[in-house]
Amino acid sequence: MKAFPFTKMHGLGNCYVYVDGFGRELPESVFPDFAREVSDPSTGIGSDGLILILPSETADIQMRIFNKDGSEAKNCGNGLRCVAKYAYENDLVNGKSFMIETLGGLVQATVHVFGSEVDEVTVNMGVPSWKKQDLPMKTDAFAELINVPVSVDGVTASMTGVSMGNPHGVFFVDEIESAPVTQFGPVLADRHPLFPEGLNVEFVEMLSATEMNFRVWERGSGITQACGTGACAAVVAAVLNEKSKKDENVTVHLLGGDLAIQWRSSGEVFMRGPAVKICEGTYFRSGSRRL
């Protein structure tokens, strides 16, 4: 198929190209190349990657995420909100609350409708883990990854590792503007010997127990405007390091805007934030490339 419909959406500036796979056969072998193709702002559409919205045997819908480098991600908080918006507005689900399947597990999304459109979405992101095997981290020194030393290019800093279905390394800094995002990010994401599967790397400046500044280097994408799972991991790390408390509504200031995160005493992390449709149209593949 040389031409197919797409929708481009963003959650706080974290933008993806979304393809509806309901009633359309999408050959899996082309997904990595296709993600690289559509993500290119010069010859494609321009995005942080590709997200497929597919039927599911275990949930109401399925989401598959491919980063701009073609690698497949396990979860994406901003992507989940946009998938929920698309699914509700295009009658792929029944009701305002439904389940979404990801490689990182099942999550529940609840849409908040204003007029006829979804403006915000709350997602139950599930129960986090800070055990070394869930990142994973290759070490015998720690079973739980709370405030552990990690060295990059001779610089050692304290990291708290959190899995939200995908791996995160959270570093607390005094000033967000001086955070070593470009120094630590690419090394920990792709080529650090302690992290064989790489990490999403977050830097956090605590403004209070209920407010933080946040920057991220995402595995497979680099610096992005926002990372929903990363914001969740940052709040979990803040509680684990006694900088915040469970059941608090924490406002996370990302480059693209704000998310409201709450780690409840029940164990689950809840995220609420916007989902925005940018445009929709038909994408034409060129040359010998075919979908």
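The dialogue below reads several features of a predicted model.

Q: In which sense does β4 pair with strand β3, and over how many bridges?

A: Two strands are taken to pair if at least two bridges are found between them. Strand β3, residues 49-54, pairs with β4 in the antiparallel sense over six bridges. A hairpin of six residues leads from β3 to β4.

Q: Which residue of strand β6 stands opposite Gln62?

A: Gln62 stands opposite Glu101 in β6. Strand β6 spans residues 97-102, and its pairing with β4 is parallel, over two bridges.

Q: Which residue takes a positive phi in the hairpin of β4 and β5?

A: Gly70 does, with a phi near 95 degrees, and the hairpin has four residues between its strands. Strand β5, residues 72-73, runs antiparallel to β4 and is joined to β4 by two bridges. Within this pairing, Ile65 has Ala73 as its bridge partner.

Q: How does the reach of helix α2 stand against the expected span?

A: The expected span is 1.5 Å times one less than the number of residues. Helix α2, residues 77-89, has 13 residues and reaches 19 Å from its first C-alpha to its last, close to the expected 18 Å. Just after the helix, Asp91 takes a positive phi of about 60 degrees.

Q: Why is α2 described as largely enclosed by the rest of the structure?

A: Eleven of its 13 residues are buried, so the helix is largely enclosed. Among these buried residues are Leu80, Arg81, Cys82, Val83 and Tyr86.

Q: Which residues have the most contacts inside the largest nonpolar core?

A: In soluble globular proteins, nonpolar side chains tend to be buried together. Here the largest nonpolar core has 55 residues, and Phe98, Ile100, Val252 and Ile261 have the most contacts inside it. Helix α4, residues 228-240, gives the most to this core, with ten residues. Apart from this core lies another, of 21 residues, including Met159, Phe184, Leu188 and Ala189.

Q: Which residues is Val252 in contact with, leaving aside its neighbours within four places in sequence?

A: Val252 is in contact with Met212, Phe214, Ala231, Val235, Gly257, Asp258, Leu259 and Ile261.

Key:
Residues numbered from 1 in each chain as written. Predicted model: local features only at pLDDT ≥ 70, side-chain atom pairs only at ≥ 80, totals over all residues. Heavy atoms only, no water. Buried < 20%, exposed > 50% of the residue type's maximum accessible area, 1.4 Å probe, protein only. Core = buried A, V, L, I, M, F, W, Y, C linked by side-chain atoms within 4.5 Å. Contact = heavy atoms within 4.5 Å.
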